[in-house]
Amino acid sequence: MDLFKFDEESFARSFTRGTELEDADELEDGQLEPNTQDKNGTHDEVEEEETAFEGGRKLDDFEPIKVLGQGAYGKVHLVQDKRSGKLFAQKQLRKPIIKLRDQAEKDLAHSKQVRRTISERQILTELTHHPNIVKLFYAFQDNNKFYLILEYIPGGELFHHLASPLNKLGNVFQEDHAAFYAAEMALGLRYLHTLGIVYRDLKPENCLLNNAGHLVLTDFGLSKSIGNNAEDERCSSVIGTPEYMAPEVLKGEEYDFAVDWWSLGCVIYDMMVGKPPFTGRSHKIITDKVLTSKLKLPFYFTKDAKDLLNKLLNKNPLKRFDVDGKWETFQGHRFFRKINWKSLEAQSEDTVPPIVPVITDPKLAENFDDEFTTMKISDYNDDQGINIPISAEGRMINDDSEPFIGFSYNASNSYIEKYY
Ligand SMILES: Nc1ncnc2c1ncn2[C@@H]1O[C@H](COP(=O)(O)OP(=O)(O)O)[C@@H](O)[C@H]1O
Ligand SMILES: [Mg+2]
């Protein structure tokens, strides 16, 4: 993979939203086995079925309301469950067109995206309730697409509030507000790390605010389960958004949980400056800066902010703040002096988030960019007869057929009732 190839389309995107580099990730064998065991840290009230082509939840059960966001390969829609009236966010991904006679035409990048969606579904079902992590309630597929039905987080992206005209400071947050969001991100990341999951895609547009203004991490398409023994199973694929990517990832070296703490440093910097610490006109320039430029912190940062960022943005992962290993030291850092971690974790009423999103009607999705919410819901339920042959048993016939099996997932009603 050419890390330094300049690609105009992704360059254009990188100014508004982070640009992802291509992923050399592999879905491990067996990763899609339906997980019905009550393992430590997995859903305890989950019913899983192979419902892909035999009933279970399906596209028709949900009424599309609006488009909330769009990635390179699929849209995220606000949908309403026709049975319960509940609102959900539906992430869909078109299946690649696979012509059996001409495998060479297979869209490789797209099939990597398929792997990410499958991996996202797998990782999300490994999680139990955590207030700072989005919940997956259903997953299903039809001939055209994969669908994830997620908890709808109506407060929109942190990115949106950072850049909002209502933000009197312009493009930045004041330090104690940045500390609040950083603390909630850290709670989510630490939870994932205790389950052996590296998040790998921390950036403002993957951080949503719920109706009370608490932060929720979404988008597990790049996350990876490496087990708790990071020594043995470190990842080495180049993945993520370059502006927020740790040096060891860009160098293609093996890496582990420390990459998320680097990204946290980048996002804290971004919240307080209005852009991430290493930026440039191309992936190559950004990469060079991440690898070699000395971190420059604005003079107006407090001593505490400078100290924390110098520790998180240490280019050497071995010298970087080991937040997982020194969690209490991290919580006790003066940057977080106004945070009551216990109340924050419990989201008790004495913890008032800096921004309480205005939600007059959750169906209006008023905290999401007009660019998306005014889009026509044209391809929500299109059937263009995509050519993926399916065998009598309902298996996809192509050389990626295995990963499609076991995609469908239904959280139990009690799980949904309890948390939604
Ligand atoms: N659960 C959700 N609730 C509300 N909006 C969401 C949700 N999940 C995603 N979105 C919106 O859709 C956008 C794209 O979703 P994401 O999962 O990040 O996809 P991609 O993998 O394409 O980046 C997000 O940045 C956010 O604006
Ligand atoms: Mg995303």
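Around ligand 1 there are 18 residues, the closest being Gly69, Gly71, Val76, Ala89 and Asp219; a residue belongs here if its C-beta atom, placed from the backbone, lies within 6 Å of the molecule. The model is predicted: local features need pLDDT of at least 70 and side-chain atom pairs pLDDT 80 or more, while totals for chains, interfaces and linings use all residues. Residues are numbered from 1 along each chain as its sequence is written, with chains lettered from A and ligands numbered from 1 in the order in which they are written.

**Shell around ligand 1**
- Domain 1 (43-154 + 364-419) and domain 2 (158-346) both contribute residues to the shell, so ligand 1 lies between them; the domain bounds come from an automatic or database domain assignment.
- At least two shell residues come from each of β2 (62-70), β4 (87-94) and β6 (145-151), strands being DSSP runs of E with at least two residues, numbered from the N terminus.

**Helix α6**
- Helix α6 covers residues 258-273; helices are DSSP runs of H or I with at least four residues.
- Its 16 residues should span 22 Å, which agrees with the 23 Å between its end C-alpha atoms; the expected span is 1.5 Å times one less than the number of residues.
- Because 15 of the 16 residues of α6 are buried, the helix is largely enclosed by the rest of the structure; buried means 20 or more other C-beta atoms within 10 Å of a residue's own, all placed from the backbone.
- Gly274 follows α6 and has a positive phi, near 100°.

**Whole chain**
- The chain has 13 helices and 11 strands.
- Of its 420 residues, 41% count as buried.

Notes:
Buried ≥ 20, exposed ≤ 12 C-beta atoms within 10 Å, placed from the backbone.
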